[in-house]
Amino acid sequence: ARFESGAAHGLRASYELRLGDDRFRIEVADNEIRVARGDAHQPDAIIETDPDTINSVLWGARSLADAQRSRRMTIEGDKALVKRFVRLFPIPGPAAAVRPA
């Protein structure tokens, strides 16, 4: 739901996200994202982690580098594409205050 299509401009990449025994193939192309269960065929990058760690990296509580240093996340393949993947899910800014009419 927080995928920012503008951040995907020009990106064409495939990822495999491994969360324990669960596998997800993620394709980003044409400013769209497609996610399905299962292994990816020759992904550009494989991200192996747990749900809490990926959530904290995507929603800004933890840096990608810190997650890797702590060994809570491993990356195989193109690390630059993983950095770009993380930027596809920006943290929403504070909601504008609504003034009563």
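Predicted model: local features only at pLDDT ≥ 70, side-chain atom pairs only at ≥ 80, totals over all residues.
User: Is E32 buried, exposed or partly exposed?

Analyst: E32 has a relative accessibility of 42%. Buried means under 20% relative accessible area, exposed over 50%, and partly exposed in between (1.4 Å probe, protein chains only). So E32 counts as partly exposed.

User: Which residue forms a salt bridge with E32?

Analyst: A salt bridge is a side-chain nitrogen of Lys or Arg within 4 Å of a carboxyl oxygen of Asp or Glu. The closest N and O atoms of this pair are 3.1 Å apart.

User: In what order do the strands of the open sheet lie?

Analyst: Helices (H or I, at least four residues) and strands (E, at least two) are DSSP runs, numbered from the N terminus. Two strands pair if DSSP finds at least two bridges between them. The sheet has five strands with mixed pairing, and their order is 3-2-1-4-5.

User: Which residue of strand 5 is the bridge partner of A45?

Analyst: Strand 4 (residues 45-49) and strand 5 run antiparallel, joined by four bridges. In strand 5, the partner of A45 is G77.

User: At about what angle does helix 3 run to strand 1?

Analyst: Axes are lines fitted to C-alpha atoms, for helices over the stretch in contact (heavy atoms within 4.5 Å), and angles run from 0 to 180 degrees between N-to-C directions. Helix 3 (residues 79-86) lies across strands 1, 2, 3, 4 and 5. Its angle to strand 1 (13-19) is about 80°.

User: How many residues apart are Y15 and F85?

Analyst: Rings of Phe, Tyr and Trp (its six-membered ring) pair if their centres lie within 6.5 Å; planes under 30 degrees apart count as stacked, over 60 as edge-to-face and the rest as tilted. There are four aromatic pairs by this rule. Y15 and F85 form a tilted one, at 4.8 Å centre to centre and 45° between the planes. Y15 is in strand 1 and F85 in helix 3, so the pair links parts of the chain whose separation in residues is 70.

User: Why is the pair of W59 and F89 edge-to-face?

Analyst: W59 is partly exposed at 33%, whereas F89 is buried at 11%. Their ring centres are 6.3 Å apart. The pair is edge-to-face because the planes stand at 85°.

User: Which residue meets R37 in a salt bridge?

Analyst: R37 is exposed, with a relative accessible area of 56%. The N to O distance is 3.5 Å. The partner sits in strand 2, 15 residues from R37 in strand 3. It is D22.

Methods: Residues numbered from 1 in each chain as written. Heavy atoms only, no water.
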